[in-house]
Amino acid sequence: MTDFAMMIGGERVAAGETDMVINPATGRGFATAPKGGPEHVDAAVKAARAAFPAWSTTPIAKRREKLRELAAMLEANFSELMALCTKETGKPVKGYGGVGSAMEIGGSIAWMQATAATELPVEIVQDDAEARVEVRRLPIGVVGSITPWNWPLMIGVWHYAPALLAGNTVVAKPSEFTPATTLRFIELANEILPAGVLNAVSGGGDVGAAIARHADIDKLVFTGSSPTGRAVMAAASGNLKRLTLELGGNDAGIVLPDVDVKETAPKLFGACFHNNGQTCQALKRLYVHEDIYEALGAELAAIAKSVKVGDGLDEATDLGPLQNQKQLDIVKRLADEARQAGGRFLCGGEAPEEGGGFFYPPTIVADISDGARLVDEEQFGPILPIVKYTDINDAMARANASSQGLGGSIWSADLDRASALVGRLEAGSVWVNAHAAIQPDAPMAGMKQSGLGCEFGHWGLAENTNMQTVKIVKA
Ligand code: NAD
């Protein structure tokens, strides 16, 4: 059993108590992580504050170089981090459509490298005989980072890389469900970065709350559910922290009658079921035109029945277990309610009897509509409602009738028609014939209660800075 440690001021730190890190494929613990508390947050903030003057004045070219060294370190430790990620999240090494822990580590490297190359130049507003007016970007100070359990390392890198490049120092808190990969990464990162620049405090919601309210943290980046996001925002108001919130979604996809059903079904299946549906931007509600409703449902069910569900460490596994018991219980409850509401189960719908892990088969429910919880709420698991529509305007209205607005997609053979429709979706990211197709140089933001601010590209980097307008009067 490995005992992971927090990293504070460049030192490995234990706590009086530990949390067991559970392998969701077996339901058994395989490692421990310290159960930190507010006192560890205080110590980490102190270390980050002490490291800030030197790090923030380190030339940006040198900070870029450090990010590239972190990317190389991820490469060098790929196998260890990948296995750890699969053990704690349950996600397969390869996974359906190539979405698994290999992709998580690979994505972490890609985002680290892309961030290292991102520019945020001084903008010149005026430069004439009278004056020069510039907009400069300055580091903010200490950045707090709170991450969820579904993509623990990659989302961590999304937080840390731009914060560090901009010249901030960081106090990171991974999810109590998946602390191992992040703690190991931050331990390795401390061999590259000066002490105190990147600190880690593990523990539960109380540690997150201590970060959110801490008076000496200047900015907070939080990825997690919308209810926790609201609590974090309230707590952060004490010292008016700068906030980036990446929250939950209930993404709709609308399939027009002109698609090639056989060709489209595997893409839709991947969009919905990759990582067992436990992705913020997974496709979570599918609206299908009546002309192809039965054919597409049958095709999706056939794929669902053919995929291999099992331990993610087996390379042949397409889908692993749910990450935790609570999430499995949510999926079971939604399935029960959908059944009572008259939903027709095209596949799945029953958890395996025994085995010890948090397994649930990919499940597709037809003849269900808006008003059922499975359609209206984020399921965050391998159960997909497919809703029949006749009129495209009605489908658009239903897709938009949500308090969340993270992503959305239109699927059609007519790209002009689809791109006109996709712009009407109330979502921060929209796609034609794809879903959750993110990239490091395009911003990711949520509309409505899916978030505040954005990540990625120069837009995300700018969120890690304070804007300063400088006017030099010449005459
Ligand atoms: P969660 O909100 O339960 O927990 C997220 C983190 O917040 C954890 O580290 C947790 O310990 C911490 N936390 C809990 N209570 C807190 C409090 N009062 N103050 C501060 N921190 C607190 O979310 P989760 O279950 O870990 O993740 C699933 C959710 O995250 C889903 O809704 C999913 O859509 C969302 N998500 C969003 C994105 C995105 O980019 N928009 C990405 C991944 C996941």
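Buried, in what follows, means under 20% relative accessible area. Keep that cut-off in mind. And note that this is a predicted model.

Let's start with strand E9, residues 169-173. Five of its five residues are buried, so E9 is largely enclosed by the rest of the structure. Look at the two faces. Thr169, Val171 and Lys173 point one way. Val170 and Ala172 point the other way. All are buried, and that includes the lysine, Lys173.

What flanks E9? On the one hand there is strand E8, residues 142-146, which pairs with E9 in the parallel sense over five bridges. E10 runs parallel to E9, and three bridges join them. Here Val171 stands opposite Asn199 of E10.

Next, the core. The largest nonpolar core has 53 residues. Which of them touch the most other members? Leu70, Met112, Leu164 and Phe185 do. H5 gives the largest share of this core, 10 residues.

Take Phe185. Setting aside neighbours within four places in sequence, Phe185 is in contact with Met73, Leu74, Leu81, Met112, Leu153, Tyr160 and Leu198. Met112 is on that list, and Met112 is itself among the core residues that touch the most other members.

Met112 brings us to helix H4, residues 101-116. H4 has 16 residues. From its first C-alpha to its last it reaches 22 Å, close to the 22 Å expected at 1.5 Å a residue. The buried residues of H4 include Ile105, Ile109, Trp111 and Met112. Ser101, Glu104 and Thr115 are buried there too. What covers the buried residues of H4? The cover includes helix H2, residues 60-76, along with H3, H5 and H6.

Over to another sheet. This one is open, with three strands in the order E1-E5-E4 and mixed pairing. Strand E1, 2-3, and strand E4, 18-23, stand at the edges; each has a single partner strand, so one side of each is left without a neighbour in the sheet. E4 pairs with strand E5, residues 28-34, in the antiparallel sense over six bridges. Thr18 has Pro34 as its bridge partner in E5. Helix H3, residues 78-89, packs on this sheet and touches E4 and E5. The direction of H3 makes about 95° with that of E4.

Leu296 sits in helix H10, residues 293-306. Is Leu296 buried or exposed? Its relative accessible area is 1%, so Leu296 is buried. Beyond its neighbours within four places in sequence, Leu296 is in contact with Val255, Val261, Ala265, Leu268 and Val288. Val255 is 41 residues from Leu296 in sequence, and the two are 9.6 Å apart in space, C-alpha to C-alpha.

Then Asn400, in helix H13, residues 392-400. Why does Asn400 count as buried? Because its relative accessibility is 16%, and the cut-off is under 20%. Apart from neighbours within four places in sequence, Asn400 is in contact with Arg424, Leu425, Glu426 and Lys448.

That's the tour.

Conventions
Residues numbered from 1 in each chain as written. Predicted model: local features only at pLDDT ≥ 70, side-chain atom pairs only at ≥ 80, totals over all residues. Heavy atoms only, no water. Helix = DSSP H or I, 4+ residues; strand = E, 2+ residues; numbered from the N terminus. Buried < 20%, exposed > 50% of the residue type's maximum accessible area, 1.4 Å probe, protein only. Contact = heavy atoms within 4.5 Å. Pairing = 2+ DSSP bridges. Axes fitted to C-alpha atoms, helices over the stretch in contact; angles between N-to-C directions. Core = buried A, V, L, I, M, F, W, Y, C linked by side-chain atoms within 4.5 Å. Expected span 1.5 Å × (residues − 1).
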